[in-house]
Amino acid sequence: MPTLYHHPMSSSSRFVRLILLEYGFQTDLVEEQPWEKRREFLALNPAATLPVYVDDSMRALCGPAVLMEFLDETHGVLKRDRRLLAEDPFQRAEIRRLTEWFLAKMENDVTKPLVRERVYKLQMTAAQGGGAPDSKALRTARANVRQHMKYLAWLAGSRPWLAGDRLTYADLAAAASVSVLDYLGEIEWAETPIAKDWYQRLKSRPSFRPLLAERIRGLTPVSHYADLDF
């Protein structure tokens, strides 16, 4: 069976897991601590980034953008109305733009610094960069959360789904990032009811159940994390 190297608090890993589950494609999951830079993992991906997908022939594919295109070409084209990438070139471009927004811009502005300071540093040794959270980095990331959630709310309020009329990679990318932040209790849902309604729809999908059931060792999620009606 193919293997996906992931970390439960990696938004890119969650994104690819959601794609696989939406398409009903089974993989073995191996949790990887990317900061450890294990020799075996570096042999698969010298960049030491997640996620990494290894097929039955031991061929490795690295990164969410590469994997979403691969999964569309190998599985999505067979799904017709359940395909997560549109057939129209303009819509495809918009889906890719928004996917990059949530997995690159929002990642750098918000998700990555919050996860690093609140999760990864607790598991790292001092030599790996672990230690007390950087309060300045936390303040900056938390200030950025509101701006990204406003944009998400605007998208959710102006379209049936974030990139158009149906569920796409854009929704899964956004939901993956938001789910990490929600686990950490970093979202004020009362400020963005439209975004909350959209997220409730995503949380209710069967593909989301494994994410909602996961727990990080030593870090309890916010009380409403697994609730579909919160």
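How far apart do the end C-alpha atoms of residues 88-222 lie, and what share of the span is helix and what share strand?

**View 1. The span of residues 88-222 in this predicted model.** In UniProt, an unreviewed entry gives residues 88-222 the feature "domain: GST C-terminal".

**View 2. Helix α1 beside helix α3.** Here we meet α1 (residues 11-22) and α3 (residues 64-74), whose axes come within 10 Å and cross at roughly 10°. Because angles under 35 degrees count as roughly parallel, α1 is described as roughly parallel to α3. From α1, the contact uses S12, F15, V16, I19 and L20, while α3 brings P64, L67, M68 and L71. Sorted by type, these contact residues are eight nonpolar, one polar and no charged.

**View 3. The buried face of helix α3.** Look for P64, L67, M68, L71 and D72, the buried residues of α3. Viewed down the axis of α3, they fall within an arc of 135°, so they line one face of the helix. An α-helix has 3.6 residues a turn, so residues three or four places apart point the same way. The cover over the buried residues of α3 includes α1, β3 (52-54), β4 (60-62), α4 (89-123) and α6 (169-183).

**View 4. I194 and the residues it touches.** I194 belongs to helix α7 (residues 193-203). With a relative accessible area of 43%, I194 is partly exposed. Leaving aside residues up to four places away in sequence, I194 touches A153, A156 and G157. One of these, A156, is 38 residues from I194 along the chain, yet their C-alpha atoms are separated by 6.6 Å.

Conventions. Residues numbered from 1 in each chain as written. Predicted model: local features only at pLDDT ≥ 70, side-chain atom pairs only at ≥ 80, totals over all residues. Heavy atoms only, no water. Axes fitted to C-alpha atoms, helices over the stretch in contact; angles between N-to-C directions. Helix = DSSP H or I, 4+ residues; strand = E, 2+ residues; numbered from the N terminus. Parallel < 35°, antiparallel > 145°, perpendicular 65-115°, else oblique. Contact = heavy atoms within 4.5 Å. Nonpolar A, V, L, I, M, F, W, Y, C, P; charged D, E, K, R; others polar. Buried < 20%, exposed > 50% of the residue type's maximum accessible area, 1.4 Å probe, protein only. Arc of directions from axis to C-beta. UniProt positions renumbered as here; feature names shortened; annotations may be inferred.
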